Amino acid sequence: MSHSSDIKAKKLLQADSGALGIGPARIRQIQVLTHADGGSDTYTVVIKDGGSSGETILDMTVLSAADIHSVNIPADGIRSVADPHVTLGTGIVQVVVFYA
């Protein structure tokens, strides 16, 4: 059974790729805003645990349509034992990471 906790959110723009600045967390949902003219058929969002050279804990691809993609993470979410580091591919306007 999953436990209850307060959910917080952090928004990153394309230029803000890097550490979320939230410390250890469980990522519960990600919303990705894309635009259609990023020069590719798909765009990626990569989250690593504890920095750009840390372990990859999420690697997802979204289609390159101007759209909002909402990804719910099942159960207790993805655990990042250190500050999560987010890299946004070209064509991603922003992401909002919901975490506990």
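Which residue stands opposite Asp 49 in S8? Select Asp 49 and look across: Pro 84 is there. Strands here are DSSP runs of E with at least two residues, numbered from the N terminus.

**Before you go on**

This is a predicted model, where local features need pLDDT of at least 70, side-chain atom pairs count only at pLDDT 80 or more, and totals for chains, interfaces and linings use all residues. Residues are numbered from 1 along each chain as its sequence is written, and side-chain values use heavy atoms, with hydrogens and water left out.

Colour by pLDDT, the predictor's confidence in each residue, from 0 to 100. The protein averages 90. A score of at least 70 is reached by 94% of the residues. Confidence is highest in S7, at a mean of 97, and lowest in S6, at 91.

**Stop 1: the sheet**

Select S2, S8, S4 and S5, in that order. They form an open sheet of four strands with antiparallel pairing. Two strands pair if DSSP finds at least two bridges between them. S2 (18-19) and S5 are the edge strands; each has a single partner strand, so one side of each lacks a neighbour in the sheet. Now keep S4 and S8. Five bridges join this antiparallel pair.

**Stop 2: His 85**

Stay in S8 (residues 84-88) and pick His 85. Its relative accessibility is 16%, so it counts as buried (under 20% relative accessible area; exposed is over 50%, partly exposed in between, with a 1.4 Å probe and protein chains only). Beyond neighbours within four places in sequence, His 85 contacts residues including Gly 18, Val 46 and Ile 47. Contact means heavy atoms within 4.5 Å.

**Stop 3: the core**

Show the largest nonpolar core, which has 22 residues. Such a core is a set of buried Ala, Val, Leu, Ile, Met, Phe, Trp, Tyr and Cys residues joined through side-chain atoms within 4.5 Å. Val 32, Val 45, Ile 47, Val 86, Ile 92 and Val 95 touch the most other members. S3 (25-34), S4 (42-49), S5 (55-63), S8 and S9 each supply at least two of its residues.

Zoom in on Val 95, in S9 (residues 92-99). Val 95 is buried, at 1% relative accessible area. Among its contacts beyond four places in sequence are Leu 12, Val 32, Val 45 and Val 86.

**Stop 4: Ala 75**

Finish in the loop between S6 (67-72) and S7 (78-80), at Ala 75. Its relative accessibility of 61% makes Ala 75 exposed. Ala 75 has a positive phi of about 55°, although it is not a glycine. Most residues other than glycine have a negative phi.
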